[in-house]
Amino acid sequence: MELFKEDKVYNFLGKGKIFFFASFVLFFLAITIVATKGFSFGIDFTGGTVVQVKYTQTAPIDKIRESLQKSKLFEHATVTEFGSPQEVVIKTPSSTVGLNNDIGDTTKEILKGTGDFEIRRVDMVGPKVGDELRVKGLTAFLLTLMAIMATVTFRYEWRFALAAIIAIVHDIVITFGFVSYFEVDFNIESVAALLMILGYSIHDTIIVYDRVREHIEESKETNFVQIINEAVSRTQSRTTLTSLTVFFVVLTLFIFGGDIMMGFSFPMLIGVIVGTYSSIFVAAQLVVWTGFSVADYRQKMAEKVKMRAEKEKMRAQFEQGIV
Amino acid sequence: MKLNFRLVLLIAATIFGIVFSLPSLTQSERGAKVTLGLDLQGGLHMLLGVKTEEAVASQLKSVASGINRFAERNDIVIDSLSATSDMVTFELLDNDDAVALDGYLKKVEGTVVKATGGSYQVTIAPAEVEKLKVRAVDQAIETIRNRLDQFGLAEPTVAKQGVDKILVELPGIKTIEEEQRARELISRAAKLELMAIDEDRAMRVNDMDEAEATGFGDKILPDALQPNGKHLVREIPILDGTMLTNAQVGYDQNNNPTINFTLNSDGAQIFGDFTAKSVGKRLAIVLDGKVYSAPVINERIGGGSGQISGNYTTAEANDLAIALRSGALLAPIYMMEKRSVGPSLGADSIRASLLALVSGFGLVVLFMMFYYGLAGVIANLAVVINLFIILALMSLMGATLTLPGMAGIVLHIGLAVDANIIINERIREGFRAGIPTRRAIAEGYQKAMRAILDSNVTQLLACTILYVYGTGAIKGFAVTLSMGLLASMLTAIVGSYGIYQLFMHRIEKSKNYTLWFGMSRRKGA
């Protein structure tokens, strides 16, 4: 089976302005949503307690709320259904410091009389831990960006690297615009998803860049726009296929992973779509705008080859004892 | 058909993968296995903080005890001896004793003594403070480990995290009651102190406030058994639990459980001296800041043993004896993070992620076969071997498989076929350009290689950063992903080429690109 006609070169850049406009709108829409709505950060970041309770019958949510209100610890608590009508999650910004009598124990005491239940999970994070996580998460993210910038600059050129970074930021901002809009819990797994999207996005982009570089090196074409159109067209088949397989598995994670994986599977689902879009329509396009010149690149390449040849000549002379 | 080195490598990798992943798959007793994370098997995970500054305060207190004992033994009169959180202060009344006292103070290690006139200020040297803090954390880890070992749990983990944090993981905990008991045992300071009751002012204890008590060098402590009972004790203890050698559960005349403790020779000496000159007075047995009993001293007590009685059940007395035996915590600990997962939730998570794994895998396998024909089957084979290798590597490393780690593996299936997709697309391009089969395949691999390497190196770098800066769950994710990347380079790039080489003659002869590469038939191909 073949999805794409092999010989055709699609004019992706001809529609560049439209895609740029679409990306621009989405990007700033996402920023606006995040700025106004914010994230519903999980307790990993804010500190607090999550108690997951499973009842043998349908969970009496009103009764649970009523019981909880009597305790000061649960003053700002929320009670929501989780996965099934039997199961609820109680979230409160409070956390306990003492080991002897913690919030899980308190919850068990308070909920006595609301029915037959089992406490399946108690996650409690103190405020200090959240701060540390935020700093660590941000450091990891920035360091990764820098590492990508360095490797792409080393293997390609700094303009490619810059465009790749912009594409990554584009993907991540739009994805987390969706996360904010749908009020999906932002937890430690979401950070893993974020870094995963980052890896996926750079992978996709590098595959396209590799083609661009190959065309520059092997063809006589001097029109950079044409080179990019050809590279994107040639890789389009693989981009779509891989995106499909990744999309399949992320979809199964999203469907079967349940609420507990939501913080991971939802951003991944959106990230795969946006990442695929950007590697076809945005990443290569951006290189054009950074003012990349094919002629200059070829000249630099030629110089590199010349220098290598000279070095080898010198070495050969040295080995033969001429110098 | 001939074996080639790529094929040999693939076969070796397959055997490696299957052999070393078997113990994990069959859950056999022998061999290295992947351990399931607490989120999958259920259990208790805690991150504990250590209040190291309290270790310094308690050190100052024992310095004060020492000074007090020295002064009494040598008939040196000192006044208003008190220990705050950062210094010990006292007044020396007779200057003639200054030489003897200074001689003693010089011998107390790690302290800085300042004396102006008769007023003394003893502080702990900054370097010593740092050492004390480090020791407090190390000692807490050691103590918690001891206590948990005696508690009888399977494979508890107690490890230092950062400078002053302790990670405790208890996979065996199943119920919330068990969890509570374990937490109590861990957190118990188990600080035993023997203190003298201030008999001159004990009558007034109910009318006195903290500040007034401090003014007399006293302290008000609550009674452990009577809710409103209070005791006025001398602030500086006679001795503390560091001189304790053993603690056992015993029974008193009413058959109630008690804890019998024994002191070492130094402790017995001090205890004997004190009881000899305090006949008729009361001695308070203080545990974790509460007075358990305050018997009247009838005669000198030698031998250095004592008894703590309270309203214990045998289990409680047993836990307390464990705590006392394993030593007091130098500094109190507090909870920074706690995650407890019940075994039923863990089982649900495993079921959900396995379902995702199987259905995701099924979809990808079908898709690849449908799209690429036999080339897709080869790619699928590579993915299966890849999964075995990941599992084998993780088993050998004794790595922990967490829920995010499972997600990483599921996701990896989607990405693992990518290398083969890139290669297959390149090969198809070669065929379209009319390049002969053998060369088209060779060139396809060669050209795809550069892009795959560039990308994988970048991703491995990202994984390394994730591993260094990530915490538990993210670390697990980074480990599975990077092992997947490495394994896929072996199976998808080297191994699948080996299979093509094996069948090269057949492919060349048949020229059936639809069967082999899923391409539509065309003229001239």
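Predicted model: local features only at pLDDT ≥ 70, side-chain atom pairs only at ≥ 80, totals over all residues.
A nonpolar patch lies on the surface of chain B and is formed by Leu3(B), Val8(B), Ile11(B), Ile15(B), Val19(B), Phe20(B) and Leu396(B). Together these residues have about 620 Å² of accessible area. The most is contributed by helix H1 of chain B (residues 5-26), which supplies five residues. Ile11(B) belongs to this helix; because its relative accessibility is 41%, Ile11(B) is classed as partly exposed.

Helix H4 of chain A (residues 103-111) is largely enclosed by the rest of the structure, since seven of its nine residues are buried. The buried residues are Ile103(A), Gly104(A), Asp105(A), Thr106(A), Thr107(A), Ile110(A) and Leu111(A). Their cover includes, from chain A, strands E2 (48-55), E4 (84-92) and E5 (117-125) and helix H3 (61-69), together with helix H6 (176-187) of chain B. After H4(A) comes Gly113(A), which has a positive phi near 100 degrees.

Strand E2 of chain B (residues 43-50) is likewise largely enclosed by the rest of the structure, because eight of its eight residues are buried. In a regular strand, side chains alternate between the two faces of the sheet. In E2(B), Gly43(B), His45(B), Leu47(B) and Gly49(B) point one way, whereas Leu44(B), Met46(B), Leu48(B) and Val50(B) point the other way, and all are buried. E2(B) pairs in the antiparallel sense with strand E18 of chain B (residues 333-341) over eight bridges, and Leu47(B) has Glu337(B) as its bridge partner there. Antiparallel pairing also joins E2(B) to strand E8 of chain B (residues 165-170) over six bridges, with Ile166(B) as the bridge partner of Leu48(B).

Note on methods
Residues numbered from 1 in each chain as written. Chains lettered and ligands numbered in written order. Heavy atoms only, no water. Patch = residues over 30% accessible without salt bridge, like charges linked within 9 Å, V, L, I, M, F, W, Y side chains within 5 Å. Areas by Shrake-Rupley, 256 points an atom, 1.4 Å probe, with all protein chains shown as cover. Salt bridge = Lys/Arg side-chain N within 4 Å of Asp/Glu carboxyl O. Helix = DSSP H or I, 4+ residues; strand = E, 2+ residues; numbered from the N terminus. Buried < 20%, exposed > 50% of the residue type's maximum accessible area, 1.4 Å probe, protein only. Contact = heavy atoms within 4.5 Å. Pairing = 2+ DSSP bridges.
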